[in-house]
Amino acid sequence: MSTTTVTPAPRIEIVDALRGSALMGILLLHSAEHFDFVAYPPNPPAWLQALNDRAFGTVAFLFAGKAYAIFAMLFGLSFFIILDRAARRGVNFRWRFLWRLAVLGIIGYVHSLLYCGDILTFLAVLGVPLVVFHGLGNRSLAWISALLLLQLPFLWQLARVIVEPGYAPPSDHFGRYYGAIYPAFGSEGLLAVCRANAVDGQLAKWWWMIDNGRYLQMLGLFIWGLLLGRLRVFENPAAYVRLAGKVLVIGALAFAALYYVELHLGVWLPRGPGLGLARTLAGSYVQLSQLLVWAGGFVLLYHFTRGRALLRLLVPFGRMSLTCYVTQALFWVPMYYHFGFGLYRRIGPFYSILAGAAFFVVQLAAAHWWLRHFQYGPLEWLWRCGTQLSWATPLRRRDASAGPATDASPCPAVAAR
């Protein structure tokens, strides 16, 4: 009787590094926003107000809507890798993946009781259609992603505003729910924060995603990642370098044109619902072009420059993305909210971003140390055990001096706005 051993395929380091760069951006953006409690000390000195405005604007320009997009795309790629590697072992993982999403949803909901901006529940719900998308051909997927990324509901509303002068598009819904939970963040205890986030916090973030079209964009980017996996782009360095060059050029040209349009919409269009819809659409398209610049530029820097050694430092951070994402909120929400240290009363965006950058360095060092001794991050291991309904997966390395372990199940792509 013979036994066939299937050796797990190694992780794709450049993907983990790219994920790590996005997680760094998420941390800095969330730090500027005080982890969804956008409240700052009143009447700062003029010099500090100028620094606050410049710091917040810079971080928002670089990361808002882009870091989340990187994670959404890599979530689709991870979905393909998981199913593909399971198929090589003779296992159909499509239906087990639905349970994997359910486990992620449980982790996300518990996390969101503290931090309503949690994105894991979105991934758990919006990841379900991936099981259906996986059965479609590449051409069909490309068309579906294009329609999703075009934000057709907003285009339809904008067209109606133009041709029907009396038409008023639906107003935003998320504002009233955020208004309902903010008092708990700024003046009440931990239990009150959890109660506020249990229902109103969930409605606030879901309506934010709907009102801004992010759910459509997320699904479209899931498909991009799925297609990248099917085409095996990251398994062929020559292929992903060629693609990265094209993506960088296309993204840069698209950004130059779209950003110019976005800046001048207020001049070209009268104030009113049409202007708001046009800005939402233009902002979405601009962020997609910036995503292309970020991803293409990162891949080229990783492949060609001497800075590769520096970028590789992000690999453990990307591998432990779930753990690092959750622990960011576990640490900083008590720091900024009333029930903890109430730092929202004392520091604005400039110092918050500096604090977030310092925390990134600490997390990066901790991730390097952890993966020298363990095979998975703590929450990555818990998610894996929950998916398999077994505690059999070893956490500690058998040989702590060995290099990074291979893993057939990449870390998830967590996201942010």
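Begin by selecting Gln328 together with its contacts: leaving out residues up to four places away in sequence, Gln328 touches Leu23, Leu27, Phe35, Phe317, Phe359 and Gln363. This is a predicted model, and the selections below should be read accordingly. Gln328 belongs to helix α16, which spans residues 321-336. Is Gln328 buried or exposed? Its relative accessibility is 1%, so Gln328 counts as buried, the cut-off being under 20%.

**The loop between α1 and α2**

Next, select Phe35, one of the contacts of Gln328. Phe35 is located in the loop that connects α1 and α2. Display its backbone torsions: phi of Phe35 is near 50 degrees, which is a positive value in a residue other than glycine. The relative accessibility of Phe35 is 1%, and Phe35 therefore counts as buried.

His34 has a relative accessible area of 0%, so it is buried.

**The whole chain**

Now zoom out and show the entire chain as a cartoon. The secondary structure consists of 18 helices and zero strands. Along the principal axes, the C-alpha atoms fill a box of roughly 75 × 50 × 45 Å. The radius of gyration is 22 Å, which agrees with the value near 22 Å that a compact globule of 417 residues would have. Of those 417 residues, 53% count as buried. If contacts are drawn between residues at least 6 apart in sequence, 80% of them join residues at least 24 apart.

The chain exposes about 19100 Å², of which carbon and sulfur atoms supply 68%. Colouring by charge shows 34 positive and 17 negative side chains, with the centres of the two sets 8 Å apart.

**The nonpolar cores**

Hide the surface and select Phe97, Met218, Phe222 and Phe234. In the largest nonpolar core, which has 115 residues, these four touch the most other members. Helix α3 (residues 67-88) contributes the largest share of this core, 16 residues. Apart from it lies another core of seven residues, including Phe154, Leu277, Leu281 and Tyr285. As background, nonpolar side chains in soluble globular proteins tend to be buried together.

Setting aside neighbours within four places in sequence, Phe234 is in contact with Ile12, Ile14, Val15, Leu77, Leu228, Tyr240 and Val299.

**Helix α12**

Proceed to Phe255, which is found in helix α12 (residues 237-268). Which residues does Phe255 touch, not counting those up to four places away in sequence? They are Phe61, Tyr260, Val286, Ser289 and Gln290. A distance drawn from Phe255 to Leu313, 58 residues apart along the chain, gives a C-alpha separation of 29 Å.

Select Trp369 in helix α17, residues 349-373. Trp369 has a relative accessible area of 42%, and it is therefore partly exposed, a class that lies between 20% and 50%. The C-alpha atoms of Trp369 and Tyr344 are separated by 32 Å, the two residues being 25 apart along the chain.

Finish at Arg139, in helix α7 (residues 138-149). Is Arg139 buried or exposed? With a relative accessible area of 69%, Arg139 is exposed.

Technical notes:
Residues are numbered from 1 along each chain as its sequence is written. This is a predicted model: local features need pLDDT of at least 70, side-chain atom pairs count only at pLDDT 80 or more; totals for chains, interfaces and linings use all residues. Side-chain values use heavy atoms; hydrogens and water are left out. Helices (H or I, at least four residues) and strands (E, at least two) are DSSP runs, numbered from the N terminus. The radius of gyration is taken over C-alpha atoms; the globule rule is 2.2 Å times the number of residues to the power 0.38. Buried means under 20% relative accessible area, exposed over 50%, partly exposed in between (1.4 Å probe, protein chains only). Contact means heavy atoms within 4.5 Å. Accessible areas come from the Shrake-Rupley method with a 1.4 Å probe; for residues, only the protein chains shown count as cover. Lys and Arg count as positive and Asp and Glu as negative; His and the chain ends are not counted. The place of a charge is taken as NZ of Lys, CZ of Arg, CG of Asp or CD of Glu. A nonpolar core is a set of buried Ala, Val, Leu, Ile, Met, Phe, Trp, Tyr and Cys residues joined through side-chain atoms within 4.5 Å.
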